[in-house]
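Biologist: I would like to learn how to read a few features of this model. Please give the general idea each time, and then the case here.

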Amino acid sequence: MARSSTLAKREINPAFRKDAAGRHLCTGVYRDRALRDMVLRHVHNDTNHLVAPSYGFDLVPVVVHAWRAWTLEMLQHLCVVGTIAIGVAVHPPAAFSTACVLGCLRLSRQAITSGLAMLPLQAKATMDKWLRRTRWRSESDELRYHKRLLRLTALGCAVLALAPLLVAGLAQASPDQMTRATILLSLLIALAVGGHGAAQQVCLNRMYRTASLEPKTLTRRLQAIKDQQFHRYVVYRRHASEQREVDATLDDAEAFTDEDHTPFVGAGVLVHRWLPPLTVPLLRRAQDAGNPSGHVPMSVLEHATPPFRAHELVAFLRRAMALIGDTEDPMGLRGFTIRDRLYVDEADVQASPVWLEDPSGRDDIDPAIDDPYGPVHHFLEISASATGELVTTVFLRVTVKGRALSLDFAACALTRTPAEYQVLNAFAESGAGAVLRAILRRLFNLPTEVAQAWRLAEAPMLLLGAIRARKTRLVKPRRGMAIGARLSVREEASTPWEHAQLDKVTIHDHVKLIEQRLLKATEDFLEAHEIDTSGFRRRAASIINTGVLNMGGKTEIKQSAVGPHAQVRMDVRESDGGQGQPSAGEGGQS
């Protein structure tokens with residue numbers, strides 16, 4: 001029974017939750033002040049720009065928890081400032097004594113840190129002196145630095161310990177009364193700081209255990225964020241230098257060739273791209289033209305009118321790809337989603353776009369698919385997530401133009417969130433014990449927490465921005481209107497791609513799985529419409545084999561020279577009759 005219970009607990013490991021990324025970001029807004037401020041200032045309060053699309057998570061709970069974390073911190077600062085203000089008004093010497101106590105605690109921590117760092121350095125210096133060993137100057141300088149810092153902190157602690165007695169004497173205050181008032185003020189401040197830590201951990205525990213992160217009620221701004229993050233339209237921005245150099249009348253593919261600044265905002269780093277896009281002429285099969293063995297001119301094989309519309313192929317691909325995301329299939333792709341996205345440059349957005357107020361309509365999707373030269377670019381968006389936060393997203397654009405089919409393929413990936421955001425997944429990091437440890441951590445950093453009370457000065461501007469954000473300003477025309485998303489919270493809180501390590505294997509695996517199925521489904525569609533697929537199969541095989549590495553075998557190149565004026569000189573000292581290796585100075589192996 002004990003073993004089965006253990007296995008059952010392992011099966012509900014939160015690392016495999018579908019909303020793992022959202023939970024980690026909700027944790028991050030409590031533990032990372034920079035992330036929290038970015039969510040509040042540049043997402044919630046910024047109503048002049050659209051919210052970036054959300055992949056693998058819901059942004060609304062992250063905003064809600066960001067406000068909750070900010071409110072708890074501001075309540076702590078209000079309690080601390082109020083306690084100090086009351087102390088100054090009622091008993092100024094006690095308030096001064098409380099400040100000295102906090103300063104003494106801060107200097108004591110620094111003194112302990114310097115002392116612990118100085119001990120091994122001093123021991124090594126003593127051994128070097130006894131053994132008459134040469135010492136590095138950097139070690140001597142570091143030892144002197146810590147000694148000097150230890151003396152200064154000890155002197156500071158002594159001054160802060162004596163200062164309250166001097167103030168009490170000058171103010172003619174009773175030492176006992178001042179001591180009691182100091183202890184009371186210190187306890188109230190500690191209660192405010194410790195209460196903040198406890199309340200924050202309780203919020204984290206509830207968020208960790210709740211079945212759904214979605215809040216019960218939504219404000220007008222939260223509803224707007226929810227609609228925009230899953231809106232079928234995505235407004236992208238060209239790079240600044242590209243915007244100056246590229247004319248607005250260029251072909252549609254020209255706007256999607258900058259790998260460093262992709263239009264797929266929020267999808268992560270671009271990991272794979274077909275450049276150039278796969279194109280295949282729409283030709284009849286030779287046997288259908290009446291001459292299966294001889295040469296048939298292209299003019300005869302070409303269709304005067306396209307045999308199908310682009311939106312028909314997209315609909316076929318949508319149905320074919322939905323099978324690999326079947327939730328009832330245990331081998332299906334986890335976290336599979338497929339949807340239509342319409343990308344438009346923010347320079348092409350009209351003054352009052354009607355589609356901003358219609359997040360669910362489909363009337364304009366098929367016309368956008370069939371128009372290869374319009375300002376709106378349709379992409380079939382296919383996403384999969386192996387762990388709940390590792391998201392692979394494939395974008396496919398289908399166009400029919402020039403009597404040919406063009407497939408534009410791109411794949412982006414979102415890596416894991418930082419490890420400190422995933423602390424709740426660790427053992428015993430939630431519950432009553434975690435609340436107690438959160439209180440102790442806050443009290444350990446008591447002087448620093450009190451010093452952060454200056455952040456109250458930032459609260460009025462943030463609250464004014466929140467009041468202003470209740471009314472969206474995207475629909476109202478204005479001069480120089482640019483409504484494209486400026487940042488993605490999920491991208492900002494992702495591990496750098498170069499540090500993804502083994503996750504790259506999972507991402508590329510998903511990319512190849514989706515890529516091969518798209519190609520096979522496209523081939524089946526072309527065959528069903530009696531189109532010659534021989535050229536398509538060759539190009540598809542070339543694409544599939546791209547990036548395949550041969551890790552076996554051994555390559556040796558002997559008796560060769562590399563570089564200008566390089567020569568091969570035979571070494572007659574070899575025992576095999578002069579069949580030696582080239583001299584290292586004149587030639588070598590490559």
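Modeller: Start with a salt bridge, which is a side-chain nitrogen of Lys or Arg within 4 Å of a carboxyl oxygen of Asp or Glu. Here arginine 135 forms one with aspartate 128, and the closest N and O atoms are 2.9 Å apart. This is a predicted model, where local features need pLDDT of at least 70, side-chain atom pairs count only at pLDDT 80 or more, and totals for chains, interfaces and linings use all residues. Residues are numbered from 1 along each chain as its sequence is written, and side-chain values use heavy atoms, with hydrogens and water left out.

Biologist: Which residue does arginine 135 meet in a salt bridge at 3.9 Å, N to O?

Modeller: That partner is glutamate 139. Salt bridges that share partners join Lys124, Asp128, Arg133, Arg135 and Glu139 into one network.

Biologist: Are arginine 135, aspartate 128 and glutamate 139 buried, partly exposed or exposed?

Modeller: Buried means under 20% relative accessible area, exposed means over 50%, and partly exposed is in between, with a 1.4 Å probe and protein chains only. Arginine 135 counts as partly exposed because its relative accessibility is 24%. Aspartate 128 is at 3%, so it counts as buried. Glutamate 139 is buried too, with a relative accessible area of 18%.

Biologist: How many salt bridges does the count come to?

Modeller: The count is 28. Another of these salt bridges joins aspartate 37 and arginine 36, with the closest N and O atoms 3.2 Å apart. Both aspartate 37 and arginine 36 are buried.

Biologist: Now the backbone. What should I expect of phi and of peptide bonds?

Modeller: Most residues other than glycine have a negative phi, and most peptide bonds are trans. Arginine 132 is not a glycine, yet has a positive phi of about 55 degrees. Its place is the loop between H5 and H6; helices (H or I, at least four residues) and strands (E, at least two) are DSSP runs, numbered from the N terminus. Arginine 132 counts as exposed because its relative accessibility is 80%. Glutamate 530, also not a glycine, has a positive phi of about 55 degrees. Glutamate 530 sits in the loop between helix H17 (503-528) and helix H18 (534-544), and is partly exposed at 46%.

Biologist: Where is a cis peptide bond?

Modeller: The bond from leucine 275 to proline 276 is cis, with omega near 0 degrees. Proline 276 is in the loop between strand S2 (269-273) and strand S3 (278-281).

Biologist: How do I read pockets and cavities?

Modeller: On a 1 Å grid over the protein atoms alone, a cavity is a set of points where a 1.4 Å probe fits but cannot get out. A pocket is an open set with protein on both sides within 12 Å along at least five of seven lines, and lining residues have an atom within 4 Å of a point. Grid points are joined across faces, edges and corners, and a volume is the space filled by probe spheres set on the points. The largest pocket holds about 660 Å³ of space. It is lined by 34 residues, and Lys18, Asp19, Gly56, Gly335 and Thr337 are the closest to its centre. Strand S4 (337-345) and strand S5 (376-385) each supply at least two residues of this lining.

Biologist: What is the make-up of the lining of the largest pocket by class?

Modeller: Ala, Val, Leu, Ile, Met, Phe, Trp, Tyr, Cys and Pro count as nonpolar, Asp, Glu, Lys and Arg as charged, and the others, Gly among them, as polar. The lining of the largest pocket divides into 12 nonpolar, 13 polar and nine charged residues.

Biologist: And how many cavities of 30 Å³ or more are there?

Modeller: There are five. The largest cavity has a volume of about 140 Å³. Its lining has 18 residues, with Val43, Leu50, Val51, Ala52 and Leu487 nearest its centre. Helix H3 (33-44) and helix H16 (489-492) are the elements that give two or more residues to that lining. By class, the lining of the largest cavity has 10 nonpolar, four polar and four charged residues.
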